[in-house]
Structure formats: C-alpha cells, structure tokens
Amino acid sequence: MNILAIESSCDDTAAAVVRNGRTVLSNCVSSQIEMHTIYGGVVPEIASRKHVEVISALTEQAVADAGLTKMELDAIAVTYAPGLIGAVLVGVNFAKGAALALDRPLIPVHHVRGHIAANYITHPDLEPPFVCLCVSGGTTAIVDVQSYTEMSILGSTRDDAAGECFDKVARVLGIGYPGGGPMDKLAQGGDDQKYVLPVAHVSGAELDLSFSGLKTASLNLIHNAQQKGEPLNLPDFAASFGRAVSDCLIPRVMSAAQRAGYGKIAVAGGVAANSRIRADLQSACGRSGDQLFLPELKYCGDNAAMIGCQGFYEFQAGRTAGWDLNAYATRDISLG
C-alpha cells in the first residue's frame with residue numbers, strides 16, 4: 001500500500017511516500033528556519049503562507065522521487081492535529097483536495113502518533129506494546145503505546161515543553177534557532193556540574209513533568225551574569241542545562257516503563273536527537289535491561305514519512321475521514 005503523506009503542523013512543509021507503513025520511498029522537507037530565525041521563533045502567519053507556496057511542488061517532488069505515478073498512490077495521509085492551526089489547515093485542505101481528485105481514502109494522523117511511528121521506520125522489528133518518551137518543542141509526554149492505534153498519556157508536562165525551553169534559552173544566549181541543536185553542540189566538552197539548575201517534581205503525580213522553573217532559573221542566571229558583567233561559561237552552562245532536562249525526563253520514563261512491564265522503551269520528537277538524553281537513556285536501559293529504540297536522527301524532527309507510517313496503521317484500524325475533516329490546534333493522543 002503506497003501512502004502519500006502530508007505534514008505541515010509547524011514551520012516545516014513535508015511530503016513523503018511510504019509503502020506498507022515501514023518502507024520510505026521518498027521523504028521531502030522544505031524548511032523555514034532561516035525565515036523565522038530573525039524573529040527568534042515561529043511566526044504562525046508567515047509559516048502558513050509559506051506552506052501554501054511550497055506544498056504543491058513539494059508533493060509533486062515526493063511522488064516523483066518515489067518513482068510512482070499519482071494513480072499508483074493508494075491513500076492520502078495528513079497531520080490534522082495538533083499544531084499551529086493555520087499551518088495545519090494548509091496541509092489538511094491540500095490533502096482533502098488530493099484525495100478527492102484521485103478518489104483515494106483520506107487518513108487523519110495525530111502529529112505525536114506520527115513521531116512515535118518514526119521508530120517503526122528505523123526499527124522494523126519494533127512492535128507495540130512499549131512506553132514512549134515524546135519530547136519536542138510543543139510536546140513532552142510519556143505515552144503508553146498499547147497497540148499501533150491505542151495509546152494513552154502516563155505523564156506529561158504541566159507547563160513548558162522541553163524543546164520550548166531549549167529554544168527560549170538559546171534565544172537569550174543568541175546562539176540560534178531552533179535551540180536544541182546549538183545547545184547540544186555547545187554542551188560538548190562542558191562541565192555539567194558547573195551550574196546548579198532545578199529539577200522539578202510534581203507532587204502527587206510522579207510521572208508528570210515541569211520545565212517552567214528550569215527555564216526561569218536559567219534565564220535569571222544568564223541575565224544576572226550579563227548585568228554584573230560576569231563571564232558565563234557557555235559550554236558549562238549548556239552542559240548543566242542539558243543535564244537538568246535529562247534528570248527530569250529519564251527517571252520518569254524509566255519509572256513508567258517499570259510500571260508497564262513491557263521491557264521496551266522508545267523515544268520520539270525533535271529533542272530525541274539530543275545526545276545527552278540519548279546517552280543517559282542508553283545507560284539507564286543498560287542498567288534496567290529494557291530494550292531501547294531511538295529513531296534515526298533525520299526522523300526525529302518533523303517529517304512526512306512518520307505520518308505515512310502511522311497512517312498505514314490508522315487505515316488498517318479503519319480510521320479514515322470524510323470531506324468534513326477539520327484541523328485542530330490541540331488534540332488528545334488517545335483520540336487518534
């Protein structure tokens with residue numbers, strides 16, 4: 001089954017063709033990073049307009065790169081939630097038009113479910129059930145993946161997402177946007193014990209997370225150093241910040257995995273590319289005996305291949321949409 005997949009939930013326009021949920025025939029991404037860097041973050045209106053400009057040509061490229069004709073496509077999958085509402089609407093409306101024109105089924109895919117499915121591309125042997133740590137600029141959650149289409153949240157952030165904190169701290173430091181990559185690179189060789197940063201605990205909800213305190217403490221530390229004219233060792237600070245994020249995430253996902261008893265842990269989302277988090281998870285799983293599944297770096301960020309992968313399993317479960325499919329800025333992952 002050849003599925004054309006569309007992803008436009010934030011600032012990357014993406015189109016891909018995926019066969020039978022595991023084989024990527026093409027994967028095209030048009031990035032808007034340079035456009036949004038001058039603002040220090042994504043401007044929703046600009047992102048939506050750029051999606052409109054490139055989505056048609058990008059889709060044509062994805063089909064051509066797959067070596068297929070349009071009539072050899074069996075279905076159209078699209079991210080319909082969550083995300084920037086204007087951006088998601090562009091993808092949904094384009095996908096509806098394509099499905100109508102080709103007379104093919106339309107498959108709605110939850111963006112975070114797509115990130116989880118990126119692991120199926122990298123690890124063809126991975127099958128549910130497993131526990132997945134989803135960490136990105138918009139989402140930080142521990143998900144119980146009971147089957148390909150049955151999922152529930154075990155714990156989630158009460159405030160900021162981990163990726164959002166990386167972005168905001170990097171912006172204040174002036175080292176680039178998005179912040180995850182520059183912060184990770186800067187942390188290499190740094191002393192992660194140099195700066196003491198808080199690791200929050202949510203009383204009465206052991207698997208929930210919080211990053212607002214870490215963000216505030218980090219920004220205060222940076223501003224205080226600037227105001228006093230004191231040097232801030234950037235590699236040491238970046239390493240300390242990365243350790244604080246990891247120290248918040250790793251114990252909770254390991255606790256969730258122990259409770260679930262599946263023996264398998266996966267990671268998904270843009271922050272899954274962070275070298276500190278990947279290394280700490282490998283060490284933790286080495287001690288616990290859990291199998292660890294990490295997506296290939298190119299599938300950590302937003303892409304359409306992951307949407308096509310999850311779309312295959314949604315289709316198998318009988319989840320297709322009509323022409324009244326709408327876009328949603330927020331949507332519970334358990335609802336699909």
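**Strands and rings**

Reply: Strand β6 (residues 130-135) and strand β9 (residues 264-268) run parallel and are joined by four bridges. Helices (H or I, at least four residues) and strands (E, at least two) are DSSP runs numbered from the N terminus, and two strands pair if DSSP finds at least two bridges between them. Within this pair, Cys132 stands opposite Ala266 in β9.

Me: On what basis are such features given?

Reply: The model is predicted: local features need pLDDT of at least 70, side-chain atom pairs count only at pLDDT 80 or more, and totals for chains, interfaces and linings use all residues. Residues are numbered from 1 along each chain as its sequence is written, and side-chain values use heavy atoms, without hydrogens and water.

Me: In what order do the five strands of the open sheet stand?

Reply: Strands of a sheet pair through backbone hydrogen bonds, either parallel or antiparallel. Here the order is β8-β7-β6-β9-β10, with mixed pairing. β8 (151-156) and β10 (291-293) are at the edges with a single partner strand each, so one side of each has no neighbour in the sheet.

Me: Which strand is joined to β2 by eight bridges?

Reply: Strand β3 (residues 23-31) is joined to β2 (residues 12-19), and the two run antiparallel. Thr13 stands opposite Ser30 in β3.

Me: Which residues form the aromatic cluster?

Reply: Rings of Phe, Tyr and Trp (its six-membered ring) pair if their centres lie within 6.5 Å; planes under 30 degrees apart count as stacked, over 60 as edge-to-face and the rest as tilted. Tyr120, Phe130, Tyr148, Phe312 and Tyr313 form one cluster.
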